[in-house]
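Open the model in your viewer and keep the selection tool at hand. The stops below go from strands to helix to side chains.

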Amino acid sequence: MNYVNTATSYLAIIFIGGRSSYAWQDTAFEAIKNAKTHCEDDWGSLFSFSETEPARINVYDATGVEGWYADDHGVFNGETNEQIPYLYTVTALLKNKRKR
């Protein structure tokens, strides 16, 4: 039996240096907050984040999506290969991690 998520869910993605950090949550706020935290944790030791230039966090409607992938043409449903609906972009400053 295939389960399809019928509740609204949000995918927030930060594309950085040919890579990305993302979060998938039931609310857009939680997805954005978690994507920001993941990006700081994942890439903070490799990249020096600007203290004045905010990062762009792209938010998508991931309702009913069970998997996804992204390329230079957009973000797509992993099962159907259909484009996932883009909702909006927010910006946020990323915090640099302390060097140890």
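Select strand E4 (residues 68–71) and strand E5 (residues 74–77): the two run antiparallel and are joined by four bridges. Strands and helices here are DSSP runs numbered from the N terminus, with at least two residues (E) for a strand and at least four (H or I) for a helix. Two strands count as paired if DSSP finds at least two bridges between them. Ala70 has Val75 in E5 as its bridge partner, and a hairpin of two residues leads from E4 to E5.

The model is predicted, so local features need pLDDT of at least 70 and side-chain atom pairs count only at pLDDT 80 or more, while totals for chains, interfaces and linings use all residues. Residues are numbered from 1 along each chain as its sequence is written, and side-chain values use heavy atoms, with hydrogens and water left out.

**Stop two: the four-stranded sheet**

Now show the open sheet of four strands, which has the order E2-E1-E3-E6 and antiparallel pairing. Strand E2 (19–25) and strand E6 (86–92) are at the edges with a single partner strand each, so one side of each has no neighbour in the sheet. On average, neighbouring strands are turned by 25 degrees against each other, direction ignored. Further in, strand E1 (residues 10–16) and strand E3 (residues 55–61) pair in the antiparallel sense over four bridges. Select Tyr10 to find Asp61 in E3 opposite.

**Stop three: helix H1**

Helix H1 (residues 28–43) lies across E1, E2, E3 and E6, and runs at about 145 degrees to E2. For such angles, axes are lines fitted to C-alpha atoms, for helices over the stretch in contact, and the values run from 0 to 180 degrees between N-to-C directions. Contact means heavy atoms within 4.5 Å.

How many salt bridges does a search of the whole structure find? The search finds two, a salt bridge being a side-chain nitrogen of Lys or Arg within 4 Å of a carboxyl oxygen of Asp or Glu. One joins Glu30 and Lys33 (3.5 Å, N to O), which lie three residues apart in H1. Another joins Glu40 and Lys36 (2.7 Å, N to O), four residues apart in H1. Glu40 is buried at 7% relative accessibility, while Glu30 is partly exposed at 27%. Buried means under 20% relative accessible area, exposed over 50%, and partly exposed in between (1.4 Å probe, protein chains only).

**Stop four: the nonpolar core**

A nonpolar core is a set of buried Ala, Val, Leu, Ile, Met, Phe, Trp, Tyr and Cys residues joined through side-chain atoms within 4.5 Å. In the largest one, of 16 residues, Ala12, Ile14, Cys39, Phe49, Ile57 and Leu94 touch the most other members. H1 gives the most to this core, with six residues. Select Phe49: beyond its neighbours within four places in sequence, its contacts include Ile16, Trp43 and Asn96.

**Stop five: aromatic pairs**

There are four aromatic pairs in the structure. Rings of Phe, Tyr and Trp (its six-membered ring) pair if their centres lie within 6.5 Å; planes under 30 degrees apart are stacked, over 60 edge-to-face, and the rest tilted. Trp43 and Phe47 have ring centres 6.1 Å apart and planes at 70 degrees, so this pair is edge-to-face. Tyr60 and Tyr86 are also edge-to-face, 5.7 Å centre to centre with 70 degrees between the planes. Tyr60 is in strand E3 and Tyr86 in strand E6, 26 residues apart.
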